[in-house]
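Here's a quick briefing to read alongside the structure. Have your viewer open and follow the numbering as we go.

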Amino acid sequence: MDGETVIVGGQNPTPTPGTAGVQSQVPGSPTTVSAVAGATDGVGPGNLVQSDIDQELFKFKSDDTPLMQLMLKAKKVKVNSPEVDHYMIDEPRSSVVTTSAVAESTQQQFILPLPANDASIPRPYGTLLVKGVDGYTEDGKTKTPGKDVMLFVVGHDTASGNPIVRAVNGPKQQASDEFCTTPAIPAGTTLIILSNALYETQKEVDPDLIVPQAQTVYLQKRGMNQIVSDYYEAQKKRIPFGKAVIAEAAITNFKVRGNRTLYAGRKAKFSVQTPKAGVQSVYCTEGVRYQVKKELQHAGKWTVEEIIALAKMVFTGEDVPKSVICLAGKNFLENIQCIDYSKHPEIQITTKTNPVGWVVTNFHTVFGDLEFKHDPTLDRLKWSNSAFIVAPDRLVHYQYSAEHSSRDRMEGEEATREAILVWDALALKGSCHVWINGEATSADGNINTEAVHYHLYDGEEAPENPADGCVFYLLNDCPGIGETAVKGTLWQAKSGGEGSSWVEYTGDVMAV
């Protein structure tokens, strides 16, 4: 028969090892007396179980699948297609960066060189604060150190699309001049987006241009079948090892495998030839490991300063969550627990029950609370040194069909089939989620190339041969990068290799 395995000649199913290496798994086999007897070396009816067992082992616990529990509590969105356009909408941009230098001149207006994707962000009648470029007094003759120059957006250049601006408090040729001339603005200068400034009778102004970009999310259909023969159920066994206990074990296995998929699944769509319905499509969803836009590279022991830096990265910037949960592997948790906190009494470590209902270890810092919880799924995925910082309020649970179960008699068989089907996907919103990669570096490919990569750095000299686009959080002053590269700031390598140029990083999500 198509799609079925027929056991002939008295051959019995062979058990395979599970997570702990115990030969207890018989994949693809229905629960019948014959199958169980074959898997236990011929133990016949009435003697299936020789010793008592812990019934609690078979009960599904939310602690085994925390990411799935967060998904079930997240905002549910019903969809009518397994392909969904998902919008990861961040908070509005607060700054832009110049791509080339602006030379000082006597022109009253000049074109501001910006990346093509950012050129339309500054709108006419808007104002921009040029960080690091000193402004002038009202007469345009004396610089005002620490008071940055401000620009006024006049319009946009038709050829390049870049904004045309003029200085508000820049230099002047004559003190009586109404307009300022062009100040010198270095390449890589950060410009903070301020409010617009309208003329006396102005009523209309350009709307903000917010065009979110869609990402296609595939919803994966997952299912579980359980078959129990009438003969097996009718046997008298030493303990009530019946359908209820079998169902607990099967559902636990179904949920645990689903939790691994939510972490590590890879996005795919392909066709298969089915026995009765012809060619159909199979969808595989993308795991959160590869959806995260911020990846922190950190291996080995942690320090108190690094924990504080981690809290600062999570709770400051462009997209700040209300609260976060750190789902961690066992080695990561061990490293966190072994930190010497005696010199930092302000960091309070307590145990509490969070709103999800879990008992977590809460690290209280001035920036916010980090709730740490062990997730055994990361250990099974060989990510014991890693962790996933997730904001529960920034999750979306797409459902093509809600989880449902069915129970029916198998045609032509004295057996009952019970099934569970679910067709859904978990998607992240915003850029506040952080993946802490403690397993490897880019040398063996165990990194997400679509995320911004962060490193915690405590040296005084600039990092050697940094990868292009990597961001370094400075734990100490680093004069090797620049005079303004002080403790607590973020700096991004722009060219890679020796002689890299460095730009202060503002926290916006950008391609690496």
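Strand E4 (residues 83-87) and strand E11 (residues 214-218) run antiparallel to each other, joined by five bridges; strands count as paired here if DSSP finds at least two bridges between them. Keep in mind that this is a predicted model, so local features need pLDDT of at least 70 and side-chain atom pairs count only at pLDDT 80 or more, while totals for chains, interfaces and linings use all residues. Numbering starts from 1 along each chain as its sequence is written, and side-chain values use heavy atoms, with hydrogens and water left out.

**The E4 strand**
- Helices (H or I, at least four residues) and strands (E, at least two) are DSSP runs, numbered from the N terminus.
- Across the pairing, Tyr87 sits opposite Ala214 in E11.
- E4 has two faces: Val84 and His86 are on the covered one, while Glu83, Asp85 and Tyr87 are on the uncovered one.

**Nonpolar cores**
- A nonpolar core is a set of buried Ala, Val, Leu, Ile, Met, Phe, Trp, Tyr and Cys residues joined through side-chain atoms within 4.5 Å; buried means under 20% relative accessible area, exposed over 50%, and partly exposed in between (1.4 Å probe, protein chains only).
- The largest one has 35 residues, and Trp302, Phe332, Ile336 and Ile436 have the most contacts inside it.
- Elements giving two or more residues to this core include helix H5 (304-315), helix H6 (330-337), strand E19 (369-374) and strand E24 (452-457).
- H5 gives the most to this core, with eight residues.
- Leaving out residues up to four places away in sequence, Ile336 touches Trp302, Ile307, Tyr341, Phe363 and Phe372; contact means heavy atoms within 4.5 Å.
- Apart from that core lies another of 23 residues, including Leu67, Met71, Leu262 and Leu426.

**Salt bridges**
- How many salt bridges does a search of the whole structure find? It finds eight, a salt bridge being a side-chain nitrogen of Lys or Arg within 4 Å of a carboxyl oxygen of Asp or Glu.
- Asp206 and Arg123 form one of them, with the closest N and O atoms 3.2 Å apart.
- This pair links distant parts of the chain, 83 residues apart: Asp206 is in the loop between strand E10 (190-196) and E11, and Arg123 is in the loop between strand E6 (110-111) and strand E7 (126-136).
- Asp206 is partly exposed at 34% relative accessible area, and Arg123 is partly exposed at 24%.
- Lys352 and Glu371 also meet in a salt bridge, at 3.2 Å from N to O.
- Here Lys352 is in strand E17 (residues 348-353) and Glu371 in strand E19, 19 residues apart.
- Lys352 is partly exposed at 30% relative accessibility, whereas Glu371 is buried at 7%.

**Cysteines**
- The whole-structure search turns up zero disulfides, defined as pairs of cysteine sulfur atoms within 2.5 Å.
- Cys326 is buried, with a relative accessible area of 2%, and Cys432 is buried at 2%.

**Confidence**
- The chain averages a pLDDT (the predictor's confidence in each residue, from 0 to 100) of 78, and 73% of the residues score at least 70.
- Residues 1-10 have pLDDT below 50, and this stretch has three contacts in the model beyond near neighbours in sequence.
- Residues 18-22 also stay under 50, with five contacts beyond four places in sequence.
- Where pLDDT is low, the predicted coordinates should not be read in detail.
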